[in-house]
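Here is my note on the model, as numbered points. Please read it with the coordinates open.

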Amino acid sequence: MALTAEDIKEGKCYATRGPERYKVIAINPRGIVTFLTWEGNQKPSPLRANCGMKAFLEGVTKEIPCPAE
C-alpha cells in the first residue's frame, strides 16, 4: 500500500527502495518536506534536504523505526 501525504509526519522515519533512509524534520504549510538522510546503520547526516511532498512520496516506501540519537 502506497503512503499518502496524511501518512507523512514530522519526527518519523521512512525507507526508500534503495539503501537511503529519511527522517522528517518539518513539513511547512506549502507541502515542503525538510528531512535528514542516512544509509544502513549509520547516524543521520547533519545536512538537511528539502523537497515537495509529491516528490518525497515517490521516493519513500514505508515507515520505519528511527535510529537512536
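Which cysteines form a disulfide, and how far apart are their sulfur atoms? Point 1 takes this up after the ground rules.

The model is predicted, so local features need pLDDT of at least 70 and side-chain atom pairs count only at pLDDT 80 or more, while totals for chains, interfaces and linings use all residues. Residues are numbered from 1 along each chain as its sequence is written, and side-chain values use heavy atoms, with hydrogens and water left out.

1. The disulfide. The structure holds one disulfide (a pair of cysteine sulfur atoms within 2.5 Å). Cysteine 13 and cysteine 66 form it, with their sulfur atoms 2.0 Å apart. The torsion about their S-S bond is about 115 degrees, so the disulfide is right-handed. Cysteine 13 belongs to strand 1 (residues 13–16) and cysteine 66 to the segment after strand 5 (60–64), so the pair ties together parts that are 53 residues apart in sequence. Strands here are DSSP runs of E of at least two residues, helices are runs of H or I of at least four, and both are numbered from the N terminus.

2. Exposure of the cysteines. Cysteine 13 is buried, at a relative accessible area of 0%, whereas cysteine 66 is partly exposed at 33%. Buried means under 20% relative accessible area, exposed means over 50%, and partly exposed lies in between (1.4 Å probe, protein chains only). Cysteine 51 is in no disulfide; the nearest cysteine sulfur, that of cysteine 13, is 15 Å away.

3. Aromatic pairs. A search of the whole structure finds four aromatic pairs. Rings of Phe, Tyr and Trp (its six-membered ring) pair if their centres lie within 6.5 Å; planes under 30 degrees apart count as stacked, over 60 as edge-to-face and the rest as tilted. Tyrosine 22 and phenylalanine 35 form a tilted pair, 4.7 Å centre to centre with 50 degrees between the planes. Tyrosine 22 lies in strand 2 (residues 20–27) and phenylalanine 35 in strand 3, so this pair ties together parts that are 13 residues apart in sequence.

4. Phenylalanine 35 again. With a relative accessible area of 8%, phenylalanine 35 is buried. Phenylalanine 35 also forms a tilted pair with phenylalanine 56, at 5.4 Å centre to centre and 55 degrees between the planes. Phenylalanine 56 lies in helix 1 (residues 53–59) and phenylalanine 35 in strand 3, so the pair ties together parts that are 21 residues apart in sequence. Ring pairs link Tyr14, Tyr22, Phe35 and Phe56 into a cluster.

5. The nonpolar core. The largest nonpolar core has nine residues: Ile8, Tyr14, Tyr22, Val24, Val33, Phe35, Met53, Phe56 and Val60. Such a core is a set of buried Ala, Val, Leu, Ile, Met, Phe, Trp, Tyr and Cys residues joined through side-chain atoms within 4.5 Å. The elements giving two or more residues to this core are strand 2, strand 3 and helix 1. Beyond its neighbours within four places in sequence, isoleucine 8 has contacts that include Tyr14, Val24, Met53, Phe56 and Val60 (contact means heavy atoms within 4.5 Å).

6. Threonine 37. This residue lies in strand 3 (residues 32–39) and is partly exposed, with a relative accessible area of 29%. Leaving aside neighbours within four places in sequence, threonine 37 is in contact with Glu20, Arg21, Tyr22, Pro44 and Ser45. A polar atom of the threonine 37 side chain lies 3.4 Å from the backbone oxygen of arginine 21.

Technical notes: Polar contact = N/O pair within 3.5 Å; in protein donor to acceptor, adjacent residues only side chain to side chain.
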